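Subject: Structure for you to look at

Hello,

Here is the structure I said I would pass on. Please open it next to this message and follow along.

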Amino acid sequence: MISVSGLSKRYGYRLVLRDLDLRVGRGEIVALLGPNGAGKSTLLRILATLSHPTFGQVEIAGLSLPIHAASARGLLGYLGHQPLLYEDLTAEQNLHFFARLYLIPRARKRVDELLDLVGLESRRTEQARAFSRGMQQRLGIARAILHKPKILLLDEPHSGLDKSGAEMMDKLLRETAKKGNTILFATHDQHRALALAKRIEVLAGGSLVSLGRKLSVAQLSAQYDRAQRANG
Amino acid sequence: MVNYFSALFSILRKDLAVEWRSRQLLTAMLVFSVLIILIFNFALELDARLRAEVSAGVLWATFAFAGTLGLNRSMAIEKEHSSLDGLLLAPVDRSAIYFGKTTANTVFILVVELFTLPIYAVLYNVNLFTPGFLIVIILGSWAYSAIGTLLAAMAAQARNRELLLPVLLFPVLIPVLVAAVRASTGILDGLEMVYIWPSLNIIIAYGLIMPVLGYMFFDLIVKD
């Protein structure tokens with residue numbers, strides 16, 4: 001579903017991503033670990049068609065970017081550091097707006113379903129401005145999965161969520177993958193990465209190091225540190 | 001194509017809903033317009049004949065300055081919480097975003113004009129409600145928004161966007177403003193259309209060329 005080869009991204013003189021290769025198959029959950037500034041968000045933004053690579057090829061479900069970016073966007077769900085909402089609109093107005101952009105049939109039913117799923121049913125008519133960080137994150141999740149995307153790209157999806165929110169997110173990720181959808185998520189939480197992902201990729205110094213899944217937290221932590229040192 | 005127009009109208013509807021909820025943009029534009037008109041009214045102590053002669057100039061200067069506030073705010077709401085990314089993720093041609101924002105900005109300017117024109121007409125004792133004058137106002141407002149939205153999207157990429165927009169906007173806007181003032185003055189003075197058409201043509205040309213540029217380059221302007 002996601003295929004990246006020879007991907008590099010440069011900001012000015014700084015090479016953020018260096019000759020990356022990555023494949024994520026159908027129904028796979030892959031966790032992306034890495035220190036702050038490693039380029040996890042940059043990689044996710046490139047895959048989400050929000051940024052362009054300096055070099056390299058990116059394919060989303062066989063659609064080459066940036067040529068087929070508009071078609072690929074219909075298959076992608078993305079949640080970044082910000083929930084990408086309009087604070088002056090209510091929770092339901094936000095979702096209805098994006099439902100119209102994505103031409104979602106029976107949008108009202110879908111919006112009701114999602115507000116219920118993320119636990120915002122009773123707050124649907126409140127402006128997003130009045131929401132806490134965690135509630136905005138919940139609404140952001142609803143926005144990202146509104147059009148039932150085949151590929152989910154999530155940048156620290158658990159950030160700001162309380163215990164029940166984090167559990168809802170874990171359940172959602174597992175169910176989404178079970179339906180054959182692909183998930184790539186960036187996180188700093190090694191426990192969660194081990195619990196959810198089939199594969200763990202560590203991004204350090206602009207390069208990826210692939211780690212297995214059957215690791216203990218201590219082993220993962222040691223390999224993570226090793227990958228970080230090796231890639232500078 | 002259906003998807004394109006659906007996205008365009010969704011963005012227009014969203015901008016109107018955001019403004020209906022916040023009432024920030026229109027309030028600021030309206031208050032600012034009325035203040036400028038009052039300042040001109042007291043600063044230019046003109047007799048009735050001279051007042052009529054400067055009417056179009058004062059009006060278009062007012063709309064241009066007030067419009068800058070609106071343009072800045074219109075892109076600021078997209079940048080504040082990276083909401084623009086939400087639009088850019090939609091599976092539609094990104095120029096639909098430009099046309100949606102341009103249409104919304106035109107509506108906002110027209111609403112401001114709707115409230116400002118009667119105040120101006122009373123203060124300056126000029127009849128502004130003639131079909132010809134209103135057509136110039138509508139065409140000029142569209143051309144202004146088409147230019148302004150494109151440049152506001154450019155300025156929004158910069159850290160000092162509020163400062164940058166007027167610097168980018170006014171040099172490009174001068175031909176349209178001059179043409180709009182001339183066409184409006186001609187209509188208010190009751191000149192024959194043969195004298196007004198050259199100015200109208202400039203406004204129409206800008207109103208057509210700028211959207212074409214927006215269609216071609218908006219994607220490049222907003223890309224990371």
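Below are the findings, starting with confidence and ending with the salt bridges.

Confidence

Please keep in mind that this is a predicted model. Chain A has an average pLDDT of 88, and 93% of its residues score at least 70. Within chain A, confidence is highest in helix α3 (residues 91-101), at 95, and lowest in helix α8 (residues 217-230), where the mean is 68.

Where the two chains meet

The contact involves 29 residues from chain A and 28 residues from chain B. Together the two chains bury about 2700 Å², and 57% of that is on carbon and sulfur atoms. There is one salt bridge across this interface. It joins Asp85(B) to Arg45(A), with 2.8 Å between the closest N and O atoms.

Which elements of chain B supply at least two residues each to the side that touches chain A? They are α1 (2-22), α3 (48-79) and α4 (83-88) of chain B. Of these, α1(B) gives the most, with 11 residues. Sorted by class, this side of chain B has 11 nonpolar, eight polar and nine charged residues.

Helix α1 of chain A

Just past the end of α1(A), Thr49(A) has a positive phi of about 70 degrees.

Salt bridges

A search over all chains finds 20 salt bridges in the whole structure. One of them pairs Glu28(A) with Arg199(A), whose closest N and O atoms are 2.8 Å apart. Glu28(A) sits in the loop between β2 (14-24) and β3 (29-33) of chain A, while Arg199(A) is in strand β9 (residues 199-204) of chain A, so the pair ties together parts that are 171 residues apart in sequence. Both Glu28(A) and Arg199(A) are buried.

Another salt bridge in chain A is formed by the side chains of Arg124(A) and Asp112(A), at 2.6 Å from N to O. Arg124(A) lies in the loop between α4 (107-117) and α5 (133-145) of chain A and Asp112(A) in helix α4 of chain A, 12 residues apart. Are these two residues buried or partly exposed? Arg124(A) has a relative accessible area of 16%, so it is buried, whereas Asp112(A), at 29%, is partly exposed.

In chain B, the side chains of Lys14(B) and Glu78(B) meet in a salt bridge of 2.5 Å, N to O. Lys14(B) belongs to helix α1 of chain B and Glu78(B) to helix α3 of chain B, and the two are 64 residues apart. Lys14(B) has a relative accessibility of 2% and therefore counts as buried. Glu78(B), at 0%, is buried as well.

Finally, Arg124(A) and Asp112(A) belong to a network with Glu92(A) and Glu121(A), joined by salt bridges that share partners.

Regards

Terms used
Residues are numbered from 1 along each chain as its sequence is written. Chains are lettered from A and ligands numbered from 1 in the order in which they are written. This is a predicted model: local features need pLDDT of at least 70, side-chain atom pairs count only at pLDDT 80 or more; totals for chains, interfaces and linings use all residues. Side-chain values use heavy atoms; hydrogens and water are left out. Contact means heavy atoms within 4.5 Å. Buried area is the accessible area (1.4 Å probe) that two parts lose on being put together, summed over both. A salt bridge is a side-chain nitrogen of Lys or Arg within 4 Å of a carboxyl oxygen of Asp or Glu. Helices (H or I, at least four residues) and strands (E, at least two) are DSSP runs, numbered from the N terminus. Ala, Val, Leu, Ile, Met, Phe, Trp, Tyr, Cys and Pro count as nonpolar, Asp, Glu, Lys and Arg as charged, and the others, Gly among them, as polar. pLDDT is the predictor's confidence in each residue, from 0 to 100. Buried means under 20% relative accessible area, exposed over 50%, partly exposed in between (1.4 Å probe, protein chains only).
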